[in-house]
Amino acid sequence: MKERYERPIIQPQQPYQMNPFGRTAALEAMTAIESVAVSELVAQYGSPLFVFSERSLRHQYRAARRAFTVRYPKVQFAWSYKTNYLQSICAVFHQEGAWAEVVSEFEYAMARRQGIAGPHIIFNGPFKSKAALCRAVTEGAIINLDCTDELETMLDIADDLGRPLTVGFRVNLDAGLPQSWNRFGFNLENGEARDAVRLAVESGKLIVRGLHCHVGTFILDPEVYRRQAKKLTVFTQEIEADFGIELTYLDLGGGFASTNTLQAQYLAGEQITPSFDQYAEAICSELLALQSRPAGFPLLILESGRALVDEAGSLIATVVATKPLPIGMRGVVLDVGLNALYTATWYRHQVIPAQSFSGFMEESVVYGPLCMNIDVVRDTVMLPPLGLGDRVLIKPVGAYNTSQWMQWIQARPAVVLISEQGEVDLIRERETIEDLAHRERVPSRLGQSGAS
Ligand SMILES: Cc1ncc(COP(=O)(O)O)c(C=O)c1O
């Protein structure tokens, strides 16, 4: 094969290219996922390819569940559909005993299609149409109201059905985060949440059964949950005493971090992500104050998403070009980028060669295949020399990507699931142009366009 000459670019030394310890972390090739060779996976299913590990899904779920059940007597997880609603992924969590947590009519329909009974669906979100609420009421779902308009819609539905309806309220509160999420639910500190509960109780048409609060996502500090749990505990005691109601559940939402590393994070996620035990300790030690209620402890619901699924997902990608960049770094172009890896915008995902390598590590920028400047998978990462056709693994990528991916410039990749026994199942086919085209309607006057 003819060797290629690349004109060298002479650059002054750039000290920022070194990490503070003056050397890079050791990088080892990862040639297999769950003992299945990357080369085999690509030979059979092509590249790019999402690969999920069922062992990891079950392991994370059980670890999270154990952390809470050893500390609190009534715990229920509800799988956050938006985090990953591939049917097989949802099925694993449902098999493990999780209910479904949905945030739209669309997701509600998915959970029902998945066979989840209404009483095991938690219906959250800022937009629930009257029709969607009616369906959820009829099917006995747990509904957490988001705003006064929705509260009024529920009062209408109660009138229409001629019976009182059971509801919960989403509450937002200051748990000490730099920016608290206050756009969802009723604010606790300014009295809005209390007013909403009063309105519901005084109407005689709504039975208030629970509180829901999701403080945010990728929360690295368990103390945030301690403050959240404390405020919810105190609020529960207040409204129960003042309005003579009895809550049956407290839903603390999701938000536990995975071992990913945020762009702005100094230490790697694997070093600093709290354990499920740390989160559980913070939450449960506050909720124990509810023991003295006549009804005992309310059910603790958790809607953890990314912490359960992120580690289970890897993305196999292929190097389609490499180029010297005028800034003195190596550009590596992959066959997948932000189209299927939305989370690369805020995480420094690991990019690991999937075959053995040698040669000097070089500061590299990893691009996706989109003809768009924003399509950057990693903006600075030390990589060994990679050649055309080499594979890399990008991980962890199990959360949010296979629900937020786009058909933009490239079709969506296939997804496989590796069972605990090492069997590989295709759980979503690679998309084709037909998947996109069959929803379009071309007016007859435009006929079949194209040069002929
Ligand atoms: C209401 C609600 N519950 C649960 C989740 C899952 O969050 P996470 O994936 O951070 O655990 C979300 C995500 O934002 C959410 O909005």
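User: In which hand does H5 pass H6?
Analyst: This is a predicted model: local features need pLDDT of at least 70 and side-chain atom pairs 80 or more, while totals for chains, interfaces and linings use all residues. Residues are numbered from 1 along each chain as its sequence is written. A crossing is right-handed if the near helix is turned clockwise from the far one by less than a right angle, left-handed if anticlockwise. H5 (130-138) crosses H6 (148-161), and the crossing is right-handed.

User: Are H5 and H6 parallel or oblique to each other?
Analyst: Their axes (lines fitted to C-alpha atoms over the stretch in contact; angles from 0 to 180 degrees between N-to-C directions) lie 10 Å apart, at about 55°. Under 35 degrees is roughly parallel, over 145 roughly antiparallel, 65 to 115 roughly perpendicular, the rest oblique. H5 and H6 are therefore oblique.

User: How many residues of the contact of H5 with H6 are nonpolar?
Analyst: Lys130, Leu133, Cys134 and Val137 in H5 meet Thr153, Met154 and Ile157 in H6; contact means C-beta atoms, placed from the backbone, within 7 Å. Ala, Val, Leu, Ile, Met, Phe, Trp, Tyr, Cys and Pro count as nonpolar, Asp, Glu, Lys and Arg as charged, the others, Gly among them, as polar. One is polar, one is charged and the nonpolar ones number five.

User: Which element gives the largest share of the side of domain 1 that touches domain 2?
Analyst: The domain assignment gives domain 1 (26-51 + 311-431) and domain 2 (54-310). On each side, 21 residues are in contact. The largest share, three residues, comes from E19.

How values were computed. Helices (H or I, at least four residues) and strands (E, at least two) are DSSP runs, numbered from the N terminus. Two residues are in contact if their C-beta atoms, placed from the backbone, lie within 7 Å. Domain bounds come from an automatic or database domain assignment.
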